[in-house]
Amino acid sequence: QGTTTNIQMGLNNTLANALEPVTNAVVNHKIKENDLQNRTEALKLENDFINEMQGVYEESNILSNKEQAQSIVKTKSNALIEKYSSLATNNSTKTLFNNYALSEVQKGMFRTNSAISRNILVELDNNVNLKKERLLTTAFLANGAFDYGVLETDLKKLYTDNYSTRISNAELTKLIKGIPGEIKAYEATKDITDNPRGALENLLDENKYEGLTLKNRQSLISNVKNVLLPQIDNDWKNYVAAAALGKEPIPFDMDFAKKVLPAETVIEMESQL
């Protein structure tokens, strides 16, 4: 009523036949509209699902056991899929959401596996370093020479057992060849703590701490100088103060100070002296 049409009917047509194109257009429009409505609702459910799944991934991605992590993701994702699919207003929306969610979980599982792989390697390195530190400490602190005598063999076994399937033979060989230098670096570090002056003298002598790489030796020299700088500065101040008061100062080893201090500082000290 109130609508003007230009529908033309032949003598052999019925009203239903004449209206069929209009009816089809209305039906098709309704189908498309329902599909968009379902997809919009399913997408909203998926976004809410993904937001809640972030906490699940954070919980699983810090682990170093793939079976345990996958179990967490599988169990909790299934529960969340059931939770959000129950909110769908019809079966079409539910089916769309389930497909979206399952696809997202598959991608999430892949990301979790990658994260766990990285965690495993980090944890392996941490545990290797802990055991290496224990072997070195025991070798230098234990009574008798047994632990020190087998230290190189123990470190070689540690690296071979844990890295032979992870790194190339060339890298493993390089790591094993560096063991003597690691032992000497640890020895030098211990000497820096116990006797920094003696450690510096030895580090400046290329015949001492044999096996140290040039890079390690220079780094250790820098470390021991940082330890000695405040000691030498304090000794110098005491020396100058005593001399200014006419007291017999404690002897100051200028030759050793020159090995530690910058050249310009030594020049100032000699001028003051």
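How much of the accessible surface of the chain belongs to carbon and sulfur atoms? The share is 53%, out of an accessible surface of about 18400 Å². The model is predicted.

View 1. The secondary structure comes to 11 helices and zero strands. From the N terminus on, the elements run α-α-α-α-α-α-α-α-α-α-α. The chain has 273 residues, and 27% of them are buried. Take the contacts with a separation of 6 or more: residues 24 or more positions apart account for 61% of them.

**View 2. The largest nonpolar core has 23 residues.** Those with the most contacts inside this core are L200, L203, L220, V224, L228, I232 and F252. Several helices each supply at least two of its residues: α7 (179-194), α8 (196-203), α9 (214-244), α10 (254-260) and α11 (263-272). The largest share, seven residues, comes from α9.

**View 3. L203 and its contacts.** L203 belongs to the largest nonpolar core, as one of the residues with the most contacts inside it. Which residues does L203 touch, leaving aside its neighbours within four places in sequence? A188 and I192 are in contact with L203, and so are Y209 and L212. R217, L220, I221 and V224 complete the list.

**View 4. Helix α7 and its cover.** α7 has 16 residues, which at 1.5 Å a residue should span 22 Å. Its end C-alpha atoms are 23 Å apart, which agrees with that expectation. The buried residues in α7 are I179, G181, I183, A185, Y186, A188 and I192. An α-helix has 3.6 residues a turn, so residues three or four places apart point the same way. What lies over the buried residues of α7? The cover includes α3 (91-141), α4 (146-149), α5 (151-163) and α6 (169-177). α8 and α9 are also part of this cover. Two of the buried residues of α7, A188 and I192, are in contact with L203.

**View 5. N47 in helix α1.** N47 lies in α1, which covers residues 15-61. Is N47 buried, exposed or partly exposed, and why? N47 counts as partly exposed because its relative accessibility is 41%, between the cut-offs of 20% for buried and 50% for exposed. N47 and A101 are 54 residues apart in sequence. In space, their C-alpha atoms are 9.2 Å apart.

Notes. Residues numbered from 1 in each chain as written. Predicted model: local features only at pLDDT ≥ 70, side-chain atom pairs only at ≥ 80, totals over all residues. Heavy atoms only, no water. Core = buried A, V, L, I, M, F, W, Y, C linked by side-chain atoms within 4.5 Å. Buried < 20%, exposed > 50% of the residue type's maximum accessible area, 1.4 Å probe, protein only. Helix = DSSP H or I, 4+ residues; strand = E, 2+ residues; numbered from the N terminus. Contact = heavy atoms within 4.5 Å. Areas by Shrake-Rupley, 256 points an atom, 1.4 Å probe, with all protein chains shown as cover. Expected span 1.5 Å × (residues − 1).
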